[in-house]
Amino acid sequence: MTSKTILVTGGAGFIGSHVLRLLVNRYADYSFINLDALTYAGNLANVADLEKRDNYSFVKADVTDLDAIRKIFAVYPIDTVIHLAAESHVDRSIEDPLVFVRTNVVGTATMLQAAREAWKGNFGGKLFYHVSTDEVYGSLGETGYFTEETDYDPRSPYSASKAGSDHLVRAWHHTYGLPVVISNCSNNYGPYQFPEKLIPLFINNIRHEKPLPVYGKGLNVRDWLYVEDHARAIDAILHGGRVGETYNIGGGNEWRNIDLARVICRTMDEKLGRERGSSEELISYVPDRAGHDMRYAIDATKVREELGWAPSLQFEEGIAKTVDWYLENEEWLRSVTSGAYQDYYQTMYQNRS
Ligand code: NAD
Ligand code: TYD
């Protein structure tokens, strides 16, 4: 296998840190540069175990800063970009949409342009891998699945900004010949996820016996994938994906939010030695999210048949591992929930209870 120099953007975030952990450990002869602006969602503690590795380095930069990105391409012989840096939380996109347009749309265009300039039409052995979401496809009813052919129909500022970024990636491919690949994944869960997203938020709230805010009737459905399985899929696509193609990645693991909340409650009761049913009493129905997408579900046939990828973990096992991790890493949780998080929580949930 030929050696690579891979620039990973957003590597201090949730998924990026798992992608780096997998690849840095698996490919000792590759070099990795983790580029991250360290927003509220980026945390170097997420990649602390990689810090001393010879094939890993970190650069603090903003993906919208073209001059800074150009300099990074000038310093390192980058042949591959795995672009994960993004604003990623739907509720924040409803409160503050413009930062999503800036980071996700302008940031992706900036990364594409810097790669194109650096590679100067010399595209042999180069790849721009864009990591995206199933939310670009919109919302499903009770039946059906998102395939790679499903029309885009994003409905939140987050998903619209990700859809915009996907279109830009395809535009740089079609117009300039930039070698690209895109994957659109379903909801991830696992260690190091910021506790604004459903699963870590509920684990943290149960730990502190705080209400569990279930939006609307709790009937919305998401397809949950353990984050390490997403990282494995990214590795498979990085090495075997066809240039110009899109791959959908999903867990085949649909849960209504209320049923998922009950699984988390039961798991937490067991792990904390609390009376069975006590955490469920914390469930509190709150006003719905504006424009709340009803259901996401992925058809992952293409990545399975072309690249032999499949999720490795059963959901109950993944949830148990995730709960264990959060309980064993209370210091991590405490550090990310101090300060600004308290203001965020107040703003987001004070009008909901
Ligand atoms: P995250 O919010 O945990 O991490 C995002 C990272 O990007 C952080 O480290 C942050 O500091 C960095 N970042 C933000 N703005 C930046 C900027 N302007 N310049 C440089 N770095 C910046 O997100 P995540 O959940 O790890 O998601 C990573 C990617 O995967 C995103 O592109 C997201 O759209 C996509 N995705 C996420 C999920 C999911 O369930 N979380 C599912 C499918 C796809
Ligand atoms: P989230 O983790 O924010 O992911 P996404 O909106 O990208 O799918 O939310 C998952 C589901 O859980 C979604 O249907 C919204 C719902 N939800 C709640 O009911 N309460 C909450 O406090 C949060 C954060 C989400």
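Mentor: Gladly! Helices (H or I, at least four residues) and strands (E, at least two) are DSSP runs, numbered from the N terminus. This is a predicted model, in which local features need pLDDT of at least 70, side-chain atom pairs count only at pLDDT 80 or more, and totals for chains, interfaces and linings use all residues. Residues are numbered from 1 along each chain as its sequence is written.

Trainee: What follows H5?

Mentor: Gly177 follows H5, and the phi of Gly177 is positive, near 80 degrees.

Trainee: How do you know what span to expect for H5?

Mentor: The expected span is 1.5 Å times one less than the number of residues. H5 (residues 157-176) has 20 residues, and its 28 Å from first C-alpha to last is close to the 28 Å expected.

Trainee: Why is Leu38 called partly exposed?

Mentor: Buried means under 20% relative accessible area, exposed over 50%, and partly exposed in between (1.4 Å probe, protein chains only). Leu38 has 27% relative accessibility, so Leu38 counts as partly exposed. Leu38 sits in the loop between strand E2 (31-36) and strand E3 (56-60), and its phi is near 55 degrees, a positive value in a residue other than glycine.

Trainee: And what makes Lys120 exposed?

Mentor: The relative accessibility of Lys120 is 71%, so Lys120 counts as exposed. Lys120 is found in the loop between H4 and E5, with a positive phi near 45 degrees, again in a residue other than glycine.

Trainee: Which residues of H5 are buried?

Mentor: Among them are Tyr158, Leu168, Val169 and Trp172.

Terms used
Chains are lettered from A and ligands numbered from 1 in the order in which they are written. Side-chain values use heavy atoms; hydrogens and water are left out.
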